[in-house]
Amino acid sequence: MSDRESEPGETAGKLCEKFDAIYFDLDGVLYRGVNAVDGAAEAVNEVILGGCGVAYVTNNASRTPDEVAYHLVELGIPANASEVVTSSQVAVEILQSHVSLGERVFVVGGVGVEQALSAAGYAPSRDAKNCVAVVQGFGPEVSWRDLAQACYLIQGGAIWIATNLDSTFPTASGIAPGNGSFVDAVRNAVGRDPDGVGGKPDRAMLRRTFEVTPGDRPLLVGDRYDTDIAAGIAAEIPTMLVLSGVSDIADVWRSSLRADYLCESVQGLVLDYPEIDTSGTTHQCGQASATYDALKLRILASGGTRIDRLRAADSLKWSLLSEVGLSSFTHGRIALDLGAQSSVGA
Ligand SMILES: [Mg+2]
């Protein structure tokens with residue numbers, strides 16, 4: 001890239017060139033179920049070849065860092081276990097401020113939860129007998145019986161730590177219930193919240209990630225506002241939201257949080273990211289432009305690609321919100337029209 005400032009509307013170079021460390025969420029970003037997101041391996045390889053540090057940061061507690069790294073390598077993404085940060089590891093860190101090492105802890109969730117507990121020095125158990133704490137994470141084998149045993153322990157005074165609260169989980173077949181939905185089931189039975197929650201958006205997760213892969217200019221890439229984007233905002237790290245996972249255009253439009261960059265998928269990292277011209281009442285991104293129709297309370301974007309229309313419209317929306325003030329001009333009142341089959345009603 002040249003060292004002069006980019007002119008508005010012109011190409012500003014590949015997005016990844018702005019950063020020296022990139023923290024990838026996994027489910028919905030690099031893969032969905034067992035399958036890689038299209039172009040994910042190529043994008044991560046290019047980022048690494050460009051000299052960028054990487055870390056893989058997942059709220060999914062079911063697998064161990066070794067298993068996660070193995071899966072990534074199978075998909076053609078270079079990774080080793082030391083670059084993987086899981087919500088199980090962070091949940092066990094939190095547990096240590098409540099329960100002494102060596103105690104017996106009831107495991108709900110996959111082997112990732114169990115291994116994080118034993119690595120720290122606890123005695124993980126699939127049998128609730130004599131357990132003083134419950135660590136609850138995601139696992140495809142989690143059953144009603146597991147949840148019931150957890151409830152009985154918690155009602156008896158056991159400490160309860162959840163690995164994460166993602167309510168949904170993207171799989172190759174669609175959106176499935178995530179750990180947050182199972183935590184809600186326990187919460188409904190015991191009538192209280194967990195004593196601690198690891199995972200994004202908790203800052204402990206990104207603190208650990210930063211130790212794994214430090215950077216002066218880090219970026220967090222994720223597919224969820226309530227975990228990924230919220231975590232980046234809490235840690236004051238720029239964020240990129242991808243549409244390959246849980247969030248769709250309607251979620252972008254209605255979110256009360258703002259991602260710094262919007263991309264169709266992680267491939268956007270190695271594509272040109274046009275500067276958005278915000279100087280006039282029309283915001284321009286590449287060949288796309290967005291205008292505000294005050295009578296109809298609607299932002300209309302046209303031209304260019306779908307993602308450039310969304311970028312221009314999102315930019316204009318936030319600019320309107322900052323001008324007019326959230327209290328008098330709430331999100332829900334502005335409709336979005338991106339052209340064919342991409343409208344979001346107010
Ligand atoms: Mg995700």
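The chain is divided into domain 1 (13–59 + 201–270), domain 2 (88–197) and domain 3 (277–344), with bounds that come from an automatic or database domain assignment. Between domain 2 and domain 3, the C-alpha centres lie 42 Å apart. This is a predicted model, in which local features need pLDDT of at least 70 and side-chain atom pairs count only at pLDDT 80 or more, while totals for chains, interfaces and linings use all residues. Residues are numbered from 1 along each chain as its sequence is written.

**Helix α2**

- Helices (H or I, at least four residues) and strands (E, at least two) are DSSP runs, numbered from the N terminus.
- Pro65, Val68, Ala69 and Leu72 of helix α2 (residues 65–74) are buried, meaning that 20 or more other C-beta atoms, placed from the backbone, lie within 10 Å of a residue's own.
- These residues cover an arc of only 95° around the axis, which puts them on the same side of α2; the arc is that of the directions from the helix axis to the C-beta atoms.
- The cover over the buried residues of α2 includes β5 (53–58) and β6 (84–86).
- Gly76, whose phi is positive, near 90°, follows α2.

**The six-stranded sheet**

- An open sheet of mixed pairing is formed by six strands in the order β18-β19-β20-β21-β22-β23, where two strands pair if DSSP finds at least two bridges between them.
- β18 (276–277) and β23 (343–344) stand at the edges with a single partner strand each, so one side of each is left without a neighbour in the sheet.
- β18 pairs with strand β19 (residues 283–285) in the antiparallel sense over two bridges, and Gln284 in β19 is the bridge partner of Asp277.

Note on methods. A residue is buried if 20 or more other C-beta atoms lie within 10 Å of its own, exposed if 12 or fewer, and partly exposed in between; C-beta atoms are placed from the backbone. Two residues are in contact if their C-beta atoms, placed from the backbone, lie within 7 Å.
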